[in-house]
Amino acid sequence: MDDVIIIGGSFAGLAAALQLGRARRKVTVLDTGLQRNRFAGHSHGLLGHDHKPPLDILAEARQQLTRYPTVRLVNARADSVSGALDNFSVLTGNDESLGARRLILSYGVADQMPDVPGFAESWGTAIVPCPYCDGFEVAGQHWGLVWSGRQSHNYVKLYHDWTDRLTVFADGHDIPLDIRADLAGRNIAVVDGRIIEIAKNEGHTATVYLDIGRNVAVDILFAHPRNKPSASLHESLGLATVDTPLGIALKVDERRETSMPGIYAAGDLANPLMASVTTAISYGATAGISAQQSMLV
Ligand SMILES: Cc1cc2nc3c(=O)[nH]c(=O)nc-3n(C[C@H](O)[C@H](O)[C@H](O)COP(=O)(O)OP(=O)(O)OC[C@H]3O[C@@H](n4cnc5c(N)ncnc54)[C@H](O)[C@@H]3O)c2cc1C
C-alpha cells in the first residue's frame with residue numbers, strides 16, 4: 001500500500017510528490033499528460049523558469065523526481081476511487097488496483113471551447129486567459145476582451161496596467177448601461193454582436209468576425225471560457241465544491257484538505273481565484289506536506 005496516491009501529475013501533483021518523496025513517503029503519481037497550458041509555447045511568471053515551454057518545466061521536474069526511490073510516476077488515468085481514511089482504493093485505466101492511506105487530487109480543469117470556428121485553434125496563442133501569463137509580451141498593443149459577465153468589468157480595470165488600447169466584444173451579452181458608461185469614460189470601444197469566427201494571423205494577432213457583418217483585428221484576444229474539472233472522481237466521492245464565475249472548484253481548508261478526511265486537493269481544481277503554475281506548485285507542496293504530517297504517529 002502507498003502512503004499517498006496523487007491523481008494528476010502536473011505542476012500541483014509533482015510539487016506534492018517532491019515533498020512526500022523527500023519525506024521518504026511511498027507515493028504513486030497517476031497522470032494522463034493533458035496539462036491545461038499545453039497549448040502555450042511558453043510559460044511565464046514562475047521564478048527560475050520564466051519564458052520556458054511548460055512541457056520542458058514538467059519534464060525537468062519529472063527527471064528530478066527520479067532521485068527519490070519511493071516516488072513512482074505512472075502514465076495512467078485514475079478511473080475510480082473509493083474507500084476512506086487510511087484505506088483508499090484507486091483503479092487505473094491500466095487495470096491496476098492501488099491502495100493508499102491518503103489521496104491528493106490534482107487533476108486540474110479543462111477549458112470548454114465555445115462552438116466558434118477558429119477559437120480552439122487559437123487558444124494559447126492568439127486567445128489567452130491571463131494577462132500575468134501573456135500580457136507583458138503584448139503590452140501597449142491593441143487587446144480584445146470577450147465579455148463573459150460582470151467579472152469582465154474587473155478584467156478591464158486590470159488590463160490598464162498593460163495597455164490603454166482595448167476593445168470589448170459583447171458577444172451577445174447585455175452589458176449594463178452603468179458599465180457601458182464606465183467603459184466609454186475609459187475610451188474603451190464596445191463592439192456588439194455575436195462572434196461567429198476567429199481567424200488567427202501572425203504571432204498573437206487575430207481577426208474577430210461578428211454576426212453584424214463587421215470584423216475587428218486585434219493584437220491579442222483575452223477570453224474566459226467556462227471550465228470543468230478534468231475528471232469526475234470528486235463527484236463519486238461526494239466532495240464539497242464551491243461555485244466560481246467560470247465553473248466549480250473543490251472546497252478545501254488552509255491545509256488543502258477537502259470535505260472528506262484524508263483527501264487533499266491542489267492546483268486549478270481547488271484554486272478558483274488565481275490559477276497559475278506558481279500557485280499550483282505552492283498549494284501542491286502544501287497538500288503534500290499536510291498529507292505527510294497527518295500520518296505522523
Ligand atoms: C492557454 C493557457 C496559458 C497559460 N499560461 C500560463 C503561464 O504562462 N503561467 C502560469 O503560471 N500559468 C499559466 N496558465 C495556467 C496553468 O496552466 C495552470 O494554472 C496550471 O497548469 C495548473 O496546474 P495543475 O497541476 O493544477 O493542473 P494541470 O496542469 O492542468 O494538470 C492536471 C493533470 O492531471 C491529469 N489528469 C486529469 N485527469 C486525470 C485522471 N483521471 N487520472 C490521472 N491524471 C489525470 C492531466 O492529464 C494533467 O496532466 C495557463 C493556462 C492556459 C489555459
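This is a predicted model: local features need pLDDT of at least 70, side-chain atom pairs count only at pLDDT 80 or more; totals for chains, interfaces and linings use all residues.
The chain holds eight helices and 19 strands. Its C-alpha atoms fill a box of roughly 65 × 35 × 30 Å along the principal axes. For 297 residues, a compact globule would have a radius of gyration near 19 Å, and the 21 Å found for the chain agrees with this. Of the 297 residues, 49% count as buried. Among the contacts with a separation of 6 or more, 56% are made by residues 24 or more positions apart. The chain exposes about 14,200 Å², of which carbon and sulfur atoms supply 51%.

Strand β4 (residues 78-84) runs antiparallel to β5, and six bridges join the two. Within this pairing, Val 81 stands opposite Val 90 in β5. The two strands form a hairpin with two residues between them, and Asp 86 in the turn has a positive phi of about 75°. Strand β5 is also joined by four bridges to β6 (residues 97-105), again in an antiparallel arrangement. Here Leu 91 stands opposite Ser 97 in β6. The hairpin of β5 and β6 has four residues between the strands, and Asp 95 takes a positive phi near 65°.

Ala 76 lies in the loop between β3 (71-75) and β4. With a relative accessible area of 5%, Ala 76 falls under the 20% limit and is therefore buried. Beyond its neighbours within four places in sequence, Ala 76 is in contact with Leu 30, Asp 31, Thr 32, Thr 92 and Asn 94.

Salt bridges number 13 in the model. In one of them, the side chains of Asp 3 and Arg 25 meet at 3.5 Å, N to O. This pair links distant parts of the chain, with Asp 3 in strand β1 (residues 2-7) and Arg 25 in the loop between α1 (11-22) and β2 (27-31), 22 residues apart. Both Asp 3 and Arg 25 are buried.

Arg 36 and Asp 268 also form a salt bridge, at 2.8 Å, N to O. Arg 36 lies in the loop between β2 and α2 (54-65) and Asp 268 in the loop between β19 and α8, so the pair ties together parts that are 232 residues apart in sequence. Arg 36 counts as partly exposed at 28% relative accessibility, while Asp 268 counts as buried at 19%.

A further salt bridge joins Asp 192 to Arg 180, their closest N and O atoms being 2.8 Å apart. Asp 192 is in the loop between β11 (189-191) and β12 (195-200), and Arg 180 is in helix α6 (residues 177-185), twelve residues apart. Asp 192 counts as partly exposed at 35% relative accessibility, and Arg 180 counts as partly exposed at 24%. Salt bridges that share partners join Arg 36, Asp 111 and Asp 268 into one network.

Leu 273 is found in the loop between β19 (263-265) and α8 (277-293). Its relative accessible area is 80%, so Leu 273 is exposed.

How values were computed:
Residues are numbered from 1 along each chain as its sequence is written. Side-chain values use heavy atoms; hydrogens and water are left out. Buried means under 20% relative accessible area, exposed over 50%, partly exposed in between (1.4 Å probe, protein chains only). Two strands pair if DSSP finds at least two bridges between them. The radius of gyration is taken over C-alpha atoms; the globule rule is 2.2 Å times the number of residues to the power 0.38. Contact means heavy atoms within 4.5 Å. Accessible areas come from the Shrake-Rupley method with a 1.4 Å probe; for residues, only the protein chains shown count as cover. A salt bridge is a side-chain nitrogen of Lys or Arg within 4 Å of a carboxyl oxygen of Asp or Glu.
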